[in-house]
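Subject: Structure for you to look at

Hello,

Here is the structure I promised to pass on. Please open it and follow along with the notes below.

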Amino acid sequence: MKRYCLFVGALLLAGSAWAEAPTSSLIPIARPGTVDAVAQTSAQPTSTIETTRAARSPVPKSRPGGLRQRLKRLVSGQRSQPNSVTLSRKGSVCGMPEIRGESIAPIPGRIKGCGVADPVKVTAVAGVALSTPITVDCTTAQALNSWVDQGVKPAVGRKGGGVASLKIAAHYACRTRNHKPGAKISEHGRGRAVDISAINLADGTVLPVLGGWRDKTAGPILRKVHQAACGPFGTVLGPNADRHHQDHFHFDTARYRSGTYCK
């Protein structure tokens with residue numbers, strides 16, 4: 001009975017202490033990382049939370065060449081790099097970057113059989129300049145480019161620093177063959193022919209057809225380039241052909257059933 005009275009008395013004292021305790025002391029302190037901590041943080045003023053988040057959250061850096069940037073350029077029509085094919089073909093004709101020049105207006109013939117439907121004015125082929133621009137069709141321009149690249153350059157090699165330019169003797173001209181009255185129209189009158197009178201080297205050396213054809217130094221080179229033209233061109237004439245070609249090579253793209261006429 002004594003123990004029971006003591007137990008009841010202790011309960012009464014505890015209840016009195018509980019009633020007298022201040023209300024603030026009854027709120028438990030939130031521990032970091034707990035649900036209570038999250039609840040207390042959400043109760044803070046909005047401005048304080050936004051400031052804290054802005055300070056702690058790093059701003060993502062844009063990566064050059066990233067997917068977003070590339071998509072943006074595609075949508076706006078921009079390119080990340082210039083088109084090399086377009087740049088290389090600028091200033092070229094006949095679909096070949098090696099043939100430099102420009103397309104010009106169709107040329108009507110003064111006499112029947114002359115004229116060029118799709119002429120081009122060419123200033124250089126295979127990296128070799130022409131002493132004067134030539135007016136020809138694309139088939140002839142492409143044949144000339146092939147001859148210089150695969151015939152002239154290998155034949156000359158490094159002599160005199162290599163090939164610098166070709167001396168042009170003739171190109172488009174509405175006339176008959178060898179200027180003879182009543183003769184057939186020359187391939188020059190169709191934009192299919194070009195005459196070369198000399199090969200100029202980088203150091204100033206000149207390999208002329210006239211005088212060089214039978215020269216001990218220039219002769220072997222000129223004979224090689226003459227022979228190399230037999231294939232790209234349909235007609236190849238040189239000093240051994242006749243008296244009209246002692247001072248130049250005549251090349252044209254006429255085609256024959258028997259193949260290239262080379263003399």
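Start at Ala 126, which sits in the loop between β5 (120-125) and β6 (128-136). Please keep in mind that this is a predicted model.

Is Ala 126 buried or exposed? Its relative accessibility is 8%. Buried means under 20%, so Ala 126 counts as buried. Now look at its backbone. Ala 126 is not a glycine, yet its phi is positive, about 50°.

Next, go to Cys 94. You will find Cys 94 in the loop between β1 (92-93) and β2 (96-103). Cys 94 is not a glycine either, and has a positive phi of about 60°. The relative accessibility of Cys 94 is 17%, so this residue counts as buried.

Last stop: His 248. This residue lies in the loop between β10 (235-237) and β11 (249-252). His 248 has a relative accessible area of 11%, so it is buried.

Which side chains make polar contacts with the side chain of His 248? One is the side chain of Asp 247, at 2.8 Å. Another is the side chain of Asp 195, at 3.4 Å.

Leaving aside neighbours within four places, it touches Ala 169, Asp 195, Ile 196, Ser 197, Val 209, Leu 237 and Gly 238.

Best wishes

Note on methods. Residues numbered from 1 in each chain as written. Predicted model: local features only at pLDDT ≥ 70, side-chain atom pairs only at ≥ 80, totals over all residues. Heavy atoms only, no water. Helix = DSSP H or I, 4+ residues; strand = E, 2+ residues; numbered from the N terminus. Buried < 20%, exposed > 50% of the residue type's maximum accessible area, 1.4 Å probe, protein only. Polar contact = N/O pair within 3.5 Å; in protein donor to acceptor, adjacent residues only side chain to side chain. Contact = heavy atoms within 4.5 Å.
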